[in-house]
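Work through the exercises below with the model open. Try each task before you read its solution.

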Amino acid sequence: MGGLLQYFQDHPLALPLFLVMFTAIIAVHEFGHYLTARLLGMRVLEFAFGFPPRLLAIRHGGIDYSVNALPFGGFVRILGQDDFSIEQVGAGEPGSFTSKPWWAQAIVLASGVVMNFILAIAVLTVAFAAGTPTSTGQVRVDRVVPGSPAEAAGIQPGDLVNYVRTHADKEVKLELERNGRPVTITAMPRAQPPEGEGPLGIVLGEVTTNEPVPLPQAFIQAVGLTGDVMQQIAELPGQLLNRAPGTQGPPPVGGPIEIFRVTAAASEFGLPTFLKLVGVISVNLGVLNIIPFPGLDGGRLFFVLLGAALRRRISPQVEAAIHAVGFVLLLGLLVVVSVADIRRATGG
């Protein structure tokens, strides 16, 4: 746990960035429910950012637009739609969720997922259009270890290395480019350097450049990446089930803590990389939400479609109980995944 706390200290802006990103993605998801509910004549009671307790709210057109104390996600309340309540207030009243035909209910439930895919394709298109990192075929000296042969020879961070001829304990000639001018430096590699330093004591990094992509091509790449992410998610259950017994380490899935760590890393590589992360997370949220599991949009949609097939609504009491159980199971899964995240972050 100490390693995780240190990570928070080393990346002070990562947590606010993560909360804003995640809340924005969920807000877009909830806006899909909000917009389609209003277009289909349902009465929306509240559009909320975060979760209670409530900090402030503005009432407009009979709708509370609220900001809550827990800055993680958000929700939309529609009259007659309370999946975890036995007695649903307003059920059957004009303008309520349940007063509308099954197809209208299905559209409202599926619209959040649709908005997640729209958001993903939009931000991924912008990310690809802004520039895709492309290798220049050159390497750069990122760091020179103090007291190393490289430092003694005058190598500096930022130098480009084009040619190296090396043998331990023999003089090495390096052809570099510094400030656009060629520089030749000789150094004596160490036969037994300190661990992690290398014979010369330099850390090399690949030089990349961002090449903008035409908008149509960027859109095609965005759709392709969205499809790839969906395929990877679809293959994940099989990978988990086929995991060899006794395999060490946490499972290859991540929860909020792992997403936070990835967000912190992606933010250091510029806006295009960060936008790609936003798009991938939005696709993940959309796919997971449409799974027909109780407590998720897909579970609610399942009951609506089942009621349409049977031509009668499933008992609200039974449905509420099933959703409540599903919600508890989801919380338990979140705890398990979070423990795996902590193990991964601390090397456990």
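Residues are numbered from 1 along each chain as its sequence is written, and side-chain values use heavy atoms, with hydrogens and water left out.

**Exercise 1. Find the elements with the lowest and the highest mean pLDDT.**

Start with the scale: pLDDT is the predictor's confidence in each residue, from 0 to 100. The protein has a mean of 80, and 81% of its residues reach 70 or more. Now go by element (helices are DSSP runs of H or I with at least four residues, strands runs of E with at least two, numbered from the N terminus). Where pLDDT is low, the predicted coordinates should not be read in detail.

**Exercise 2. Classify the ring pair Phe47 and Phe49.**

Rings of Phe, Tyr and Trp (its six-membered ring) pair if their centres lie within 6.5 Å; planes under 30 degrees apart count as stacked, over 60 as edge-to-face and the rest as tilted. The whole structure holds seven aromatic pairs. For Phe47 and Phe49, the centres are 5.4 Å apart and the planes make 55°, a tilted pair. Next, check burial (buried is under 20% relative accessible area, exposed over 50%, partly exposed in between; 1.4 Å probe, protein chains only). Phe47 is buried at 7%. Phe49 is partly exposed at 38%. Finally, widen the view: ring pairs join Phe31, Tyr34, Phe47, Phe49 and Tyr65 in a cluster.

**Exercise 3. Which residues have the most contacts inside the largest nonpolar core?**

A nonpolar core is a set of buried Ala, Val, Leu, Ile, Met, Phe, Trp, Tyr and Cys residues joined through side-chain atoms within 4.5 Å. The largest one has 18 residues, and Met21, Ile25, Val278 and Ile281 have the most contacts inside it. Two or more residues come from each of α2 (14–39), α3 (102–130), α6 (256–267) and α7 (271–290). Take Ile25 as a case, with contact meaning heavy atoms within 4.5 Å. Leaving out residues up to four places away in sequence, Ile25 touches Asn116, Leu119, Val278, Ile281, Ser282 and Leu285. A second, separate core of 15 residues includes Ala37, Val44, Val108 and Val304.

**Exercise 4. List the buried residues of helix α8.**

Locate α8 at residues 297–310. Its buried residues are Asp297, Gly298, Gly299, Arg300, Leu301, Phe303, Val304 and Gly307. Then step past the end: just after α8, Arg311 has a positive phi of about 60°.

**Exercise 5. Trace the salt bridges of Asp64 and Glu46.**

A salt bridge is a side-chain nitrogen of Lys or Arg within 4 Å of a carboxyl oxygen of Asp or Glu. Glu46 meets Arg77 at 2.9 Å, N to O. Glu46 lies in strand β1 (residues 44–60) and Arg77 in strand β2 (residues 63–78), so this pair ties together parts 31 residues apart in sequence. Glu46 is buried at 4%, whereas Arg77 is partly exposed at 37%. Asp64 meets Arg54 at 3.9 Å and Arg59 at 3.0 Å. Asp64 is buried at 9%, but Arg59 is exposed at 58%. Put together, Glu46, Arg54, Arg59, Asp64 and Arg77 are linked in a salt-bridge network.

Technical notes. Expected span 1.5 Å × (residues − 1).
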